[in-house]
Amino acid sequence: MYPAFETQGLQLIFSHQPHGVGAGFLLMLLTMFSAFRFAEALISVAEKQREIWTIGAGVTAGYCRFCVQLCFLSLFQVPQGTSFDFLLFTLALLITIGGRTVAFRSVTRENVRLRLLLPSSLLEAATILCSQLLLLVASGVRYPLRPLNLTATFLLAAAVCFLCQVVVAMLLRRSATPWRGPRFAYPIASLAPAALATYLIWMWVRRAPSPQHILPLAGSTQFQTPPFIAPIAIAIAVLLLCVAHAGLFLYWRSIRWSRGLAEAEQEKEIANALAEQRAIRMQNEALLEEIRERKRVEAKLAAFAFSDPVTGLNNRTYLNDRLRTLLHKKGARAYAYHALLYIDLDNFKSANDMLGHGQGDSLLKEVAKRLRTLATQEDVPVRLGGDEFAVLLNCASDAGCALRFAHQVLTVVERPFEIAGNSLHLSASIGLCTIDSGYTDPDSVLRDADLAMYCAKREGGARVAVFVQEMYANMLRAIEDRKELKRAIAEEEFVLWYQPLVDMQDRSIYGSEALIRWQHPVRGLLGPYTFIRLAEETGHIVEIGNWVLRKACGDFHKFQERSSKPLLLSLNVSSKQLELPGYFDLLVQTLEETNMPPNQLQLEITESILMSEPALMGPLLQRIRNLGVKIAFDDFGTGYSSLSYIQKFPVDTLKIDQSFVRSLIDSPVNGKIIQFILGMSEALGMSVSVEGVETEFEAETLLRFGCRIAQGYLYSRPVEVETFFGLLKQKSLMPSEVVRLPAA
């Protein structure tokens with residue numbers, strides 16, 4: 001039963017009308033289905049067009065809901081003469097449309113939140129209640145408003161609206177695209193309920209039942225079917241058809257938009273894919289070209305890294321790589337004999353200085369060409385740098401072929417080289433190292449071959465030296481000697497001994513030669529032959545020579561105070577000292593600091609100094625002689641003994657080597673050589689002194705030849721400073737009075 005209404009002072013109770021109720025519920029389900037389809041279609045609409053279509057969907061869905069309300073309102077019969085207010089009717093329609101539009105905007109948001117759905121649910125419930133009340137008022141029916149019932153109805157409507165919006169939002173978010181069922185499913189689902197609802201409403205209009213249980217309160221009243229029921233039924237039928245077709249149209253449009261967007265997106269993706277493919281293809285082509293260019297650059301770098309730019313031979317890097325590969329194979333299986341030749345050109349520096357660097361490179365190219373001629377395809381000729389070459393030999397199982405090959409290298413190098421119209425003669429020092437499984441790295445092979453070559457060079461060059469383990473032990477000992485020599489210089493472990501220069505006519509001391517000794521803390525007193533050569537090789541001879549100069553000039557005043565006649569101080573000077581640019585200034589400074597008279601100082605040099613740097617040594621020796629310092633040729637007769645050099649350079653004294661003196665008895669030729677030197681020196685205005693006089697016969701013979709100044713064991717060995725003081729007190733040194741000391 002429906003509730004009671006009050007109109008024109010009567011209380012009416014209406015009975016149940018099944019046709020109308022069924023039509024209303026069918027219409028309500030249809031509108032709900034259409035509303036969901038509208039909301040689902042809005043998801044696929046573009047963002048720019050969604051606002052317009054949201055309003056359109058709200059108008060259509062609101063009108064559908066309004067018709068449902070009219071359908072339920074038409075189920076009641078009203079008294080005759082009841083009027084209908086069109087303005088309130090229109091206002092109710094607008095309110096229903098507005099509430100539906102707000103609901104669509106809420107559920108179709110991209111980021112839906114429950115707190116956003118609650119206000120729209122309350123607003124939609126308020127619009128439903130307000131619209132229903134307006135329709136009752138517009139129909140002339142006054143509903144008894146009870147606050148409690150009205151509040152309960154509003155809250156129930158708000159809860160139902162909120163629940164519906166939450167369900168719709170969840171369904172929309174789970175479906176990323178609109179529903180695409182069979183093509184005719186939606187029209188059939190829309191038209192069938194519309195036709196059924198229209199038929200039921202029409203049957204209800206024709207067979208509307210009479211009111212029952214009418215209880216008149218104020219006189220008899222006649223009831224009638226509402227006068228607007230027929231137009232409403234027709235309008236509802238038309239509305240249902242319009243809604244169905246509008247839903248169908250919107251669905252098709254949404255599909256077309258979706259397809260258009262999908263096609264546009266697909267075309268865009270295809271265009272992007274094609275552009276990406278083109279970009280990738282261009283990148284691949286650029287990358288391929290870059291790889292090719294990199295390979296070309298790597299090939300050039302490899303050629304540059306593994307070849308010598310001057311001779312075209314392989315270089316040290318390539319040799320190390322080949323040795324590393326060879327040693328790896330030998331570690332796995334030793335089946336062949338291999339050797340490494342380390343070749344150093346003995347006198348290339350002089351030829352390079354004479355010809356210039358350009359012609360020197362041509363000379364190196366010719367040497368490389370001769371090495372290529374000797375080497376087989378399995379051999380590896382290499383230029384290590386400077387004037388050093390190497391050949392990696394593969395001699396199969398014949399160990400002697402490496403030595404034969406080394407002698408062939410000596411032969412081809414010693415053949416004259418025709419460079420820029422000059423015929424040059426070179427020689428080579430070769431170190432031979434046999435490569436066996438005992439070697440683990442290329443550096444060890446190169447080290448041992450280099451060590452063998454160095455031994456060949458120390459023996460005079462132009463020869464082959466085969467590496468043996470004793471060479472390595474000697475090298476370690478030499479390294480230790482270098483360390484000890486450096487320590488000796490820092491801790492001043494050197495001392496000066498002096499050997500008298502004697503006038504053989506009266507046996508008086510004419511002067512002294514300062515001779516250095518090394519007071520080793522473990523090995524004791526060491527003579528110069530044990531460390532001078534090492535000092536020359538390491539360059540420490542400069543420090544040692546400068547110390548000797550300062551020390552000897554400092555001791556000279558003590559000697560001169562104990563002598564009744566002027567003495568001569570003689571010092572040996574190394575070529576390394578004279579080659580330094582500041583040696584002359586150091587000499588002048590030392591003479592000034594020690595108050596050494598320049599005319600009582602004599603510097604002994606060897607002929608090799610003049611031969612190595614004649615253009616440099618000539619002016620330097622002349623400046624030294626201008627100071628008053630005397631210049632003496634030490635060991636004259638054992639070197640070049642070039643008369644042209646004696647004439648060109650300022651020389652005061654020639655010191656005849658002791659090898660000529662010791663052979664006076666056995667070799668008359670040496671006596672004639674000494675006489676020749678004495679005659680030549682007299683003609684050139686030079687003085688002569690003799691080394692190594694040890695017997696009376698030698699002294700008498702030299703005096704007979706005309707030589708006066710001598711030194712040797714006959715008169716005195718080299719002695720310490722205090723002992724030399726005692727010798728100075730004597731007027732003459734007799735053989736029986738010689739102080740005998742152990743040779744050092």
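Helices here are DSSP runs of H or I with at least four residues, strands are E runs with at least two, and both are numbered from the N terminus. I use that numbering throughout, and I keep in mind that the model is predicted.

**Entry: whole chain**

I started with the totals. The chain holds 24 helices and 20 strands. Of its 744 residues, 44% count as buried. I also checked contact range: among contacts between residues at least 6 apart in sequence, 73% join residues at least 24 apart.

Most residues other than glycine have a negative phi. N595 is not a glycine, yet its phi is positive, about 55°. I found N595 in the loop between helix 17 (583-594) and strand 16 (601-605). Is N595 buried or exposed? It is exposed, because its relative accessible area is 57% and the cut-off for exposed is over 50%.

A462 also turned up, with a positive phi near 55°. It sits in the loop between helix 12 and strand 11 (463-466). At 36% relative accessibility, I log A462 as partly exposed.

**Entry: C455**

Next I stepped back into helix 12 (residues 442-458), where C455 is placed. C455 has 18% relative accessibility, so it counts as buried, the limit being under 20%. I also noted a C-alpha separation of 9.1 Å between C455 and V466, which are 11 residues apart along the chain.

**Entry: nonpolar cores**

Which residues touch the most other members of the largest one? They are F494 and L603, in a core of 77 residues. Helix 15 (residues 541-561) gives the most to this core, 10 residues. A second, separate core has 34 residues, including Y337 and V367.

I then listed the contacts of F494, skipping neighbours within four places in sequence. Among them are L485, A488, I489, I516, F531, I544 and W547. R517 and W518 are on that list too.

**Entry: L313**

L313 is in the loop between helix 7 (229-306) and helix 8 (316-332). Its relative accessible area is 3%, so I log L313 as buried. Beyond four places in sequence, the residues L313 touches include F306, A368, R372, P381, V382 and F389. For R372, 59 residues away along the chain, I read a C-alpha separation from L313 of 8.7 Å.

**Entry: helix 10 against helix 11**

The crossing is right-handed. Helix 10 contributes R370, L371 and L374 to the contact, and helix 11 contributes F405, Q408, V409, V412 and V413. By type, the contact residues come out as 6 nonpolar, 1 polar and 1 charged.

**Entry: S508**

Last stop was S508, in strand 13 (residues 508-520). S508 is buried, because its relative accessibility is 7%. Which side chains does the S508 side chain meet in polar contacts? One is the side chain of D506, at 2.8 Å. Another is the side chain of K565, at 2.7 Å.

Notes:
Residues numbered from 1 in each chain as written. Predicted model: local features only at pLDDT ≥ 70, side-chain atom pairs only at ≥ 80, totals over all residues. Heavy atoms only, no water. Left-handed = near helix turned anticlockwise from the far one by under 90°. Contact = heavy atoms within 4.5 Å. Nonpolar A, V, L, I, M, F, W, Y, C, P; charged D, E, K, R; others polar. Buried < 20%, exposed > 50% of the residue type's maximum accessible area, 1.4 Å probe, protein only. Polar contact = N/O pair within 3.5 Å; in protein donor to acceptor, adjacent residues only side chain to side chain. Core = buried A, V, L, I, M, F, W, Y, C linked by side-chain atoms within 4.5 Å.
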